[in-house]
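Please study the sequence and the structure before reading each solution.

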Amino acid sequence: MEKRIIELYRRKFDDIRHEADGIEYWYARELMKLLDYVQWRNFDNAINKAMISCENNGNVAEDHFSRFNNTIEVGNGALREVEDLSLIHISEPTRRTPIS
């Protein structure tokens, strides 16, 4: 991948990064859009596979993935409560297990 494309995506990830008490995290619904997922159920499936991979690498998935409810505005301006996740940055490299 070209350096400029990598830098563009790095900036996009940085733009949606959140931080609290020195911990970096992202909201799954924001990441979903950045990664061009259209439907939550498809992205949620990918997240579930990532959680399994996390566990298979000796990590506790709940330390890195936290489910919560969030209120979003839908097309007609109404508010709706939806499931979301905060994805916590893993600072040390982990062995990658292929996701099938």
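A charge counts as sitting over a ring if NZ of Lys or CZ of Arg is within 6 Å of the ring centre and within 35 degrees of the ring normal. The model used here is predicted.

**Exercise 1.** Determine over which ring Lys12 lies, and over which ring the charged end of Arg29 sits.

*Solution.* 
1. Lys12 lies over the face of Tyr9, at 5.2 Å from the ring centre.
2. For Arg29, the charged end is found over the ring of Trp40, 4.0 Å from its centre.

**Exercise 2.** Trace how strands β1, β2, β3 and β4 are paired.

*Solution.* 
1. Begin with β1 (residues 18-20) and β2 (residues 23-27), which are antiparallel and joined over three bridges. Here Ala20 faces Ile23 of β2.
2. Next, β2 pairs with β4 (residues 79-88), again in the antiparallel sense and over three bridges. Trp26 has Leu87 as its bridge partner in β4.
3. Finally, β3 (residues 65-73) pairs with β4 over nine bridges, in the antiparallel sense. Asn70 is placed opposite Val82 of β4.

**Exercise 3.** State how many residues separate the strands of each hairpin, and which turn residue has a positive phi.

*Solution.* 
1. Between β1 and β2 there are two residues, and Asp21 in this turn has a positive phi of about 55°.
2. Between β3 and β4 there are five residues, and Gly77 in that turn has a positive phi of about 90°.

**Exercise 4.** Give the number of aromatic pairs in the structure, and name the members of the cluster that contains Phe68.

*Solution.* 
1. The structure contains four aromatic pairs.
2. Phe68 forms one aromatic cluster with Tyr25 and Tyr27.

Conventions: Residues are numbered from 1 along each chain as its sequence is written. This is a predicted model: local features need pLDDT of at least 70, side-chain atom pairs count only at pLDDT 80 or more; totals for chains, interfaces and linings use all residues. Side-chain values use heavy atoms; hydrogens and water are left out. Two strands pair if DSSP finds at least two bridges between them. Helices (H or I, at least four residues) and strands (E, at least two) are DSSP runs, numbered from the N terminus. Rings of Phe, Tyr and Trp (its six-membered ring) pair if their centres lie within 6.5 Å; planes under 30 degrees apart count as stacked, over 60 as edge-to-face and the rest as tilted.
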